[in-house]
Amino acid sequence: MKKNTIRKNLLKIGLGVLGPLLFTGHATNAQTPTLTLDFAKPGANVSPMLYGLMTEEINHSYDGGLYPELIRNRIFKDNKTSPEGWSLVQEDSASKASIKLMAATTENIPFDERRHAINGALTTCLRLMVEKPGGKLGIANEGYWGIPVNPSTTYKASFYMKGSGSAPPRQRQGQQPLPPAPVIEDNTAGPITVSIESKDGKTVYASGTIEHTKSIFWKKYELTLTTGADVKPSADARFVITVNRTGLYYFNLVSLFPPTYNNRPNGNRPDLIKLMAEMKPKFLRFPGGNYLEGPLITDAFPWKTTLGPLENRPGHNGSWGYRASDGMGLLEFLLWCEDIGAEPVLAVYAGYSLNGDHIDAGPLLQHYVNDALDEIEYVTGDVKTYWGAKRAADGHPAPFKLTYVEIGNEDWFDRTNSYDGRFKQFRTAIEAKYPSLHCISTIADAQYPDLRVTGSNKPEVLDEHYYRNSWAMWENASQYDKYDRNGPKIFVGEWATREGAPTTNLNAALGDAAWMTGMERNSDLVIMSCYAPLFVNVNKATATAPKAWQWDSDLIGYDALTSYGSPSYYVQKIFSHYLGNKIVPVTAENIPVQNRPLTKKDSAEGIKSKVVPTIFYSVTKNDSTGNIYLKIVNTKAKKQTIKIVLEGVSNVSPEATNIVITGSKPEDTNTITDPEKIMPVTTKEKIKGKRFNKSLPPYSVTVIQLQTN
Ligand code: AHR
């Protein structure tokens, strides 16, 4: 059999003309599949930013996820008609008390109850009215599917509170007469008990007291709550504030923080940072995704109101059916990058939102361009600049490194063709002020040739998104082999094999791994890639809270207490860990194939059969250490043996390290209760020189690490 270059082979695969020259035929392979690694040919560089992460507020990624605030609806704006997440605690039926959401809308502020705003951001609050005390009486928060408790742990609690006011509000001329204020004894001063307890209130895990000052003005109260060493970890807890006397008690910005990563105030959840850091991501794309754009133009990520003290953050409408607290604000995203050693890839709002509204290029768009320039200055400006000084005042004088700015998200949905002009206006302004920055276009030429940016210089980088099943991943794993090397670079800014819920299964991981071999082999072109979505809170609907996630097949799952990586997570982790800086050219022979079931579209297009490879591969080398990383994916249910031939090297170490991810069936997966079913296993193996056979377990991803000189 004549050897073809890998590019030529893969071009054929990409074009769907798999012939006998390449493969031995369907399933029955008479000849041994062989990979010949050619170290004599100079390989292209592996992109130093190939593997990163993408994030947005979806599936309770931040509120109820990485952002560890335990109080759900802390400023009472999540729902305009009820204090979602909150309930009245009333043990003694002879007592008389009620709670009321105040000022959620202008219509529901009774005239006598105005003047409850703390500032322009904190305008809604919760009132507890106690007319007759008795037993445990107060307010409880259920957290994000439970408040987690752990032994010997200190939680920081804080809240704003005031007692009933006595001065009646001023009545303006022509207004209705004042409705009568609740007549109860104003008796709000005195001790207030704050605790974390079991949902049934029977077990108190941690408790403390504050002395409430009698005042009609808001005051912030802070205390710490520490659990005992004998507390068993549980997510079945609630946060409670109780009183023992009559009065009108008003609450706002109620917060409970567990320990954070590196103990940074308003910092991140440590277990999730650890999982991400172990992936060694080179960048973090934020803040979206759809979350960047918002359903309406007015819902776009409002970075300016996500800065500074929590008291100044009103939150905003998210894109996935729930409100965002904006505790995870622009600076927190940047600090998150620092936590995991990644560079920010900043997506700026480009004047198009999910419901289809857009702002045309020209004077109306300039406000948004200026906003993006301000945002870039906040990220990168020195302390002498206006926004750099703000960042310093927020606690981070050092500028952040920034190389790529993405203009919008998935602007191929904007069928008005306005992106061409919008992209140009943003890019011109950004490059004029920041010549070293590279602007990413969100229209992928290959997917949307009719929509591509043409009116300005060709974009330097295009963001492509792929959500596919494993068959489609296997079929398209070689698509980048045929891309024009003189065209824009590719950022695969969102991609995933969507099988398994809420997190992916082994079959999805096999789809991912095959796809990643294609990106890795072509990482001279594919300069960055990131899976999406990254996070999922795996809680199902309860009597009081909806299902936590909106999107199936995610990378990292968690509840209030613990977290785990999906099989796809472990594939990402080993691909990122075992990566050289040079692509090693490979010639493949006799790669077995299998028939792909035809889709409706295939049949409609008259396609009679489709074959896809069952083995996928990529090889990189670290040219300073001599380490070689050979990645091979076996998608079949049976073991396959492959011959490895190393050409152009004089010596190979006699021992290889194998890192293998496998399972017994494609549906196998990890869950919150069985988090380590599918995990990489590392073994050592003796190899015989520069030609050896390698057995690939069924349904497996294998990294073989070799040492050459
Ligand atoms: O990852 C989920 C969503 O998929 C993203 O928000 C959006 O960009 C894409 O359509």
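1. P502 sits in the loop between β21 (489-497) and α9 (506-521). Helices (H or I, at least four residues) and strands (E, at least two) are DSSP runs, numbered from the N terminus. The peptide bond between A501 and P502 is cis, with omega about -5°.

2. This is a predicted model, where local features need pLDDT of at least 70, side-chain atom pairs count only at pLDDT 80 or more, and totals for chains, interfaces and linings use all residues. Residues are numbered from 1 along each chain as its sequence is written, and side-chain values use heavy atoms, with hydrogens and water left out.

3. The protein chain has a mean pLDDT of 92, and 92% of its residues reach 70 or more; pLDDT is the predictor's confidence in each residue, from 0 to 100. Over residues 1-29 pLDDT stays under 50. Where pLDDT is low, the predicted coordinates should not be read in detail.

4. The protein chain holds 11 helices and 36 strands. Of its 709 residues, 59% count as buried (under 20% relative accessible area, with a 1.4 Å probe and protein chains only).

5. P287 is placed in the loop between β14 (283-286) and α3 (290-293).

6. Two residues other than glycine have positive phi: N59, near 60°, and L253, near 40°. N59 lies in the loop between β2 (51-54) and β3 (86-90), whereas L253 belongs to strand β13 (residues 247-257). N59 is buried, at a relative accessible area of 0%, and L253 is buried at 5%.

Definitions and conventions: Contact means heavy atoms within 4.5 Å. Buried means under 20% relative accessible area, exposed over 50%, partly exposed in between (1.4 Å probe, protein chains only).
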